[in-house]
Amino acid sequence: MTKEWLEALPPDVDPCGEYGEYHTFVYYGPIFQYPIPIEIDYQIINGRDRWKFVGIKLKSEEDLR
């Protein structure tokens, strides 16, 4: 996070994310035996009001081979 990044945020965005501006999706870490195989579903990315929705889906079994 930089001063420039903070200044570039729209005025209705809370930089602390207290209004749900940021979300975390965990797909790998110490509690996982292996990463969850995911990919971004670019067909689902869309915006509404000040929100941006991004589709995340499991990779197909064919992609895992």
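A salt bridge here is a side-chain nitrogen of Lys or Arg within 4 Å of a carboxyl oxygen of Asp or Glu. A search of the whole structure, a predicted model, turns up 1 of these. Lys-3 pairs with Glu-7, and their closest N and O atoms sit 3.9 Å apart. Both residues belong to helix H1, 4 residues apart, or about one turn of the helix; helices (H or I, at least four residues) and strands (E, at least two) are DSSP runs, numbered from the N terminus. Lys-3 and Glu-7 are both exposed, meaning over 50% relative accessible area, while buried means under 20% and partly exposed lies in between (1.4 Å probe, protein chains only).

A word on the numbers: this being a predicted model, local features need pLDDT of at least 70 and side-chain atom pairs count only at pLDDT 80 or more, whereas totals for chains, interfaces and linings use all residues. Residues are numbered from 1 along each chain as its sequence is written, and side-chain values use heavy atoms, with hydrogens and water left out.

Over in strand E1 is Asp-41, which counts as buried because its relative accessible area is 13%. Leaving aside residues up to four places away in sequence, Asp-41 touches Gly-55, Ile-56 and Lys-57, where contact means heavy atoms within 4.5 Å. As for Leu-58, 17 residues from Asp-41 along the chain, the C-alpha atoms of the two are separated by 9.4 Å.
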